[in-house]
Amino acid sequence: MKLQRLYSFLKTDIDIIEKELIAAIQSESKLLETASLNLIRAGGKRIRPIFVLLSAKFGNYDIERVKNVAVSLELIHMASLVHDDVIDDAELRRGKPTVKAKWDNRIAMYTGDYILACSLEYMTKIDHYLAHKILADTMVEVCIGEIKQIQDKYRYNQNLRDYLRRIKRKTAILIAASCQLGAIAGGTEEDIHKKLYKFGYYVGMSYQITDDILDFTASEKELGKPAGGDLLQGNITLPVLYAMQDPEIETMIKRINEHTSKDEMKEIILKIKSSGAIEKSNEISQRYLKKALSMLEKLPNNRVRKSLTDVANFIGKRKY
């Protein structure tokens, strides 16, 4: 089953978000506009807008109001991807050339900044102090997470806590904010939007761990980038941490550098896959997914809760 089928009743509103994303980055600078469109047209799962819309359904749903939060959150995510591709020197994103690959690092950095500025402009349409405080705090944490990822590259003595704290900031907190801000835009009570924040956090953790697993188990076509790319860039993900418990694999991983060949990477990936690290990582992902589903059970039992359950199960149990 495709993800889109799980929220098919939102199709009209998702189409509105897509059109609004394109409208959001219109600029008198055609270069900025074209570079920004490069990523939007590359597609994506639109996980964050989906969570915004579904969470808002627990309150007084008004797409004209809620769309501002959905667009803002997706633009923040997109801006971070443009910046990430510069940091990682990535040539492909979703199977297509990145902004930095089509233009250069300078254009990419300003494009990311521009998309971020557009996102903030959309949030000004939400007249709610708490919403702006949550967004500001989230962006601070995301930036800290990105810096920690840079600092932790090729740092082989890190532990599980280091990894979990990093992905919380890098991924989970923005998904959590998407759920909470969507609920706030829908005018839900505090108890509801706080529970949705926790749900989003747990889903986000499961989502990122599964992504890190797929970096080793999915094909290059499915990933839209080379398999094992995170490891080649020095990112120590959960499967790597578990695999390094084997001294032989640890030695192989510590030898990885920019000159490591594709054949050498294939051998290392096979070793990681046969070490039991994938299965152990999936166990952690499923624990977070279980917590997310338990949090949903504390929310009103309606069609929206079922949709959130289905979406959470889908993204937490992607094939590995």
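**Exercise 1. Which helices each supply at least two residues of the lining of the second largest pocket?**

Solution. Start with the ground rules. This is a predicted model, where local features need pLDDT of at least 70, side-chain atom pairs count only at pLDDT 80 or more, and totals for chains, interfaces and linings use all residues. Residues are numbered from 1 along each chain as its sequence is written, and side-chain values use heavy atoms, without hydrogens and water.

Step 1. Know the terms. On a 1 Å grid over the protein atoms alone, a pocket is an open set of points with protein on both sides within 12 Å along at least five of seven lines. A cavity is a set of points where a 1.4 Å probe fits but cannot get out. Lining residues have an atom within 4 Å of a point. Helices (H or I, at least four residues) and strands (E, at least two) are DSSP runs, numbered from the N terminus.

Step 2. Name the helices. They are helix 4 and helix 7.

Step 3. The pocket has a volume of about 260 Å³, the space filled by probe spheres set on the points, with grid points joined across faces, edges and corners. It has 13 lining residues; Ser80, His83, Val142, Cys143 and Glu146 lie nearest its centre.

**Exercise 2. Describe the second largest cavity.**

Solution. Step 1. Its volume is about 30 Å³.

Step 1. Its lining includes Asp84, Ile87, Gln149 and Lys153.

Step 2. Helix 4 and helix 7 (129–151) each supply at least two lining residues. The largest share, three residues, comes from helix 7.

**Exercise 3. How do helix 9 and helix 15 run relative to each other?**

Solution. Step 1. Take the angle. The axes of helix 9 (residues 190–217) and helix 15 (residues 277–296) come within 8 Å and cross at roughly 160°. Axes are lines fitted to C-alpha atoms, for helices over the stretch in contact; angles run from 0 to 180 degrees between N-to-C directions.

Step 1. Apply the cut-off. Angles over 145 degrees count as roughly antiparallel. Helix 9 and helix 15 are therefore roughly antiparallel.

Note on methods
Parallel < 35°, antiparallel > 145°, perpendicular 65-115°, else oblique.
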